[in-house]
Amino acid sequence: MKKYNILILAAMLLTGAGCKDYLEEDTTGLLYGENVLSTQDGLESALTGAYKGLGSQWSYGFIHPGAQAAMLGGDDVTTHPASNKADWREFDQFNPSTTNQRSNAVYTGCYKAIQGANNVINNWEKTVGTKATIDIIVGEAHFIRAFSYYWLVRFYGNIPLITAGEYSDDLLTVGKSTPQQVYDLIIADLKVAETNLPDTKRDPGRANKGAAKAFLADVYLTMAGWPLKQTDKYDLAAAKAKEVIDNRALYGFELLPTFAAVFENDPASAGTREAVFQISGFAAGSGTANATYGNTTMPGEEGGWDDMFAELNFFRDFPAGPRKDATFRTEFGLGATKIPWQNSLTKHPYYQKWYIKGNIVTSSISLPSVMMRYAHVLTVYAEAKARGTGGPDKAAYDALNQVRLRALPAGTKALAVGSLNALQFADAVVQERAWEFACERTRWFDLVRLEKVEEANAKKSPDDLQPIKPITKANYLLPLPYTDTSINPNLN
C-alpha cells in the first residue's frame, strides 16, 4: 500500500499537483481498472472526472481567469501596473516565469482532464452496458482529450503527449512531442467524437456532434497558420465549419438576435444557444463556482480586483454600436454617483461582458465559461474560405455579415459580395473577430497563428504596459511549468 501511494503521488506531480492537492482531491476521474470501469456507471464516473479537470475554481481549468491572464500578450486586454498583479503582468510584458500560477493552472487542468479521458478511452471496451450510451461516453472522452491538448499545444508548443490512464515509471521520463504529433492526435480524437456524439447535448456543459465539428474546423484553421503553416488546411476548415452552419438547428446552435443577450449573464440561466461548448459553473458545488465573472473584471471603485481591463487603443478603435455598448463598462460606481473611466484609479475602461446581471460583486457564481460561440464558427468559415480555394463566396460574406450587422448600428449596410479581394476579406474577418471576441480567449491565438504579435504590440498606447524586451517567435509560446521540468529533465 505504501508503494501504491507513492506511485499515485508521483503521477499527480507529473500533472502539476502538490501533496496538499493530492490529499484533498476528489479522485473520481483518476479511478481505473477492470472493477471500476467494467460497468457503465463506472465509465460515466471516469468521464465526470475528466470534465472536472476543466473546471475547478482557482485551482485548475477554465472557470477562473487564468486562461485570460495567459493571453495578455494580445492587444485587447491589460492589467494593473502595480498592486498584486505580478502573475498577470508577466504575460503582458512577455516575461512569463515557469512558476506562474495562471498558465500553470490551465496546464494542470488540461492534463487532469486528459488523464480522466485516457481512463475512458483505454478501458471502454471492457464495459458492460448500453452500446449507444457507451459510444457517447467514449465520444465525449475523445472530445475532452482533444480540447485539452488543443489548449496545451497552442500555449506551449512541444509538450508531453500522454495517452496512458494508469501510472508507470516511464511517465517520469517522458519526452516532448512535436506540435505535428499533438495535432495528429487532436484530429483523430475529434473525428471519433463527431462520429460517436449525438446531435443534441446531453446537458449544456457537454459536447455534441456540432461541437466536435466546430472545434475540428478551428483546429484546421490554426494548423494553416504558425507554426505548422499547412495552408491546405484552410479548405478543410471551411468545409467543416460549413457543416456546422448548415446543420445549426440540428445541433441547437444559433446567433442570438442581439449581442447584449449573449452577455446577459443571468446566474439563473444554464447558458444560451449561441454556446457551442461551455464549461458549466455551479456556485453550490464544492470548488465548481465560476470565478471569471464579477470581482476579477471589476474596478476597485466597485469592489473589484482590477485584474483585467481593456487596452486603450483597442477601446478607442472599437467601432461604435450595440456591441461596443455591451462589451465595455465606461462609468464606475454601483450607486447613483458615477465616475468616468478617465477619472478612475486605473484610467481604463473595463469589460462589461464579464459583469454579472445586477452588478453582483462576487467571485463565485453559477455561470458557464463559454469556450466557443456560434459566432466563432461563422468567422472560421468566412476566413478559411477567403484564404482557401476560390476565395470568399456568398456564404462567406453572409457569415461575416451576420456577425457585423448584429454588432453595428441599425441601418448599417452589409458588405456586398465581391466588394473585397480575398486578402482584404480575410483581414476584415480577423479584425471582426478581434472586436467580437474581445477578452474571450481568442485574440491572442489569432495573433500567434498569423504572426502578428509584434505588430499588435507595436500599436499599444504608451499608457498601457509595454513588453520589457523585443518580441521574438520564442515569446509566442509559454515555458513548461517548473513542477514538471524539475522532476523530468527530458522536459527541459
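This is a predicted model: local features need pLDDT of at least 70, side-chain atom pairs count only at pLDDT 80 or more; totals for chains, interfaces and linings use all residues.
Residues are numbered from 1 along each chain as its sequence is written, and side-chain values use heavy atoms, with hydrogens and water left out.

Helices (H or I, at least four residues) and strands (E, at least two) are DSSP runs, numbered from the N terminus. The axes of helix H11 (residues 233–246) and helix H16 (residues 374–387) come within 8 Å and cross at roughly 145°, where axes are lines fitted to C-alpha atoms, for helices over the stretch in contact, and angles run from 0 to 180 degrees between N-to-C directions. Among the residues that make the contact (heavy atoms within 4.5 Å) are Tyr-234 and Ala-238 of H11, together with Leu-378 and Tyr-381 of H16. By class, the contact of H11 with H16 has 12 nonpolar, no polar and three charged residues, with Ala, Val, Leu, Ile, Met, Phe, Trp, Tyr, Cys and Pro counted as nonpolar, Asp, Glu, Lys and Arg as charged, and the others, Gly among them, as polar.

A pocket, on a 1 Å grid over the protein atoms alone, is an open set of points where a 1.4 Å probe fits, with protein on both sides within 12 Å along at least five of seven lines, and its lining residues have an atom within 4 Å of a point. The largest pocket is lined by 26 residues, with Tyr-51, Gly-205, Ser-280, Gly-281 and Phe-282 nearest its centre, and helix H4 supplies the largest share of this lining, four residues. The second largest pocket has a lining of five nonpolar, three polar and 10 charged residues.
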